Amino acid sequence: MERGTMMTNNENKEFGTVRIANDVVAMIAGLAATEVDGVTAMVGNITNELISKVGAKKLTKGVKVDILEKLVSVDLAINLAYGFNIPETCKTVQDRVKSAIETMTGLMVADVNIRIVGIDMATN
């Protein structure tokens, strides 16, 4: 499915259909990822960066979601805090994102791919 399209869940046909926009799934993924200790920011592409600077902030920044036949593939671009174990932190992000999407949407997550874009050196 193309970005911005809707995924239809037909499990409740007797009451109608449920449609979930890709951006909703992306928002769930982004929020779940930023709740993990060590993740300091989601990092978007140049277009998202420009959009956020002119005031139209997107909550799906740094997240790409593809949905095909109720299977979700998620790509995240994140910054990590200095001093955190990268493999452990990424595994936690993958687990949290998978769990959040599957719990909230009923869709199955095939993979959660993480790209570390930077390390934040600032101390808290």
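Reader: Where is Glu-69 found?

Author: This is a predicted model, in which local features need pLDDT of at least 70 and side-chain atom pairs count only at pLDDT 80 or more, while totals for chains, interfaces and linings use all residues. Residues are numbered from 1 along each chain as its sequence is written, and side-chain values use heavy atoms, with hydrogens and water left out. Helices (H or I, at least four residues) and strands (E, at least two) are DSSP runs, numbered from the N terminus. Glu-69 is found in the loop between strand E4 (63-68) and E5, and Lys-70 is in the loop between E4 and E5 as well.

Reader: What is the phi of Glu-69, and what is that of Lys-70?

Author: Glu-69 has a positive phi of about 55° although it is not a glycine. For Lys-70, also a residue other than glycine, phi is positive and near 65°.

Reader: Is Glu-69 buried or exposed?

Author: Buried means under 20% relative accessible area, exposed over 50%, and partly exposed in between (1.4 Å probe, protein chains only). Glu-69 counts as exposed because its relative accessibility is 70%. Lys-70, at 29%, counts as partly exposed.

Reader: Which strand holds Leu-76, and is Leu-76 buried or exposed?

Author: Leu-76 has its place in strand E5 (residues 71-81). With a relative accessible area of 3%, Leu-76 is buried. Its C-alpha atom is separated by 8.3 Å from that of Ala-29, 47 residues apart along the chain. Of the 124 residues of the chain, 35% count as buried.

Reader: In what order do the elements of the chain run?

Author: The chain has three helices and six strands. From the N terminus on, the order is β-β-α-β-α-β-β-α-β.

Reader: At what angle do the axes of H1 and H3 cross?

Author: Axes are lines fitted to C-alpha atoms, for helices over the stretch in contact, and angles run from 0 to 180 degrees between N-to-C directions. The axes of helix H1 (residues 22-34) and helix H3 (residues 86-105) come within 8 Å and cross at roughly 140°. Angles under 35 degrees count as roughly parallel, over 145 as roughly antiparallel, 65 to 115 as roughly perpendicular and the rest as oblique. H1 and H3 are therefore oblique to each other.

Reader: Where does Ile-116 lie, and is Ile-116 buried or partly exposed?

Author: Ile-116 lies in strand E6 (residues 108-120). Ile-116 counts as partly exposed because its relative accessibility is 31%.
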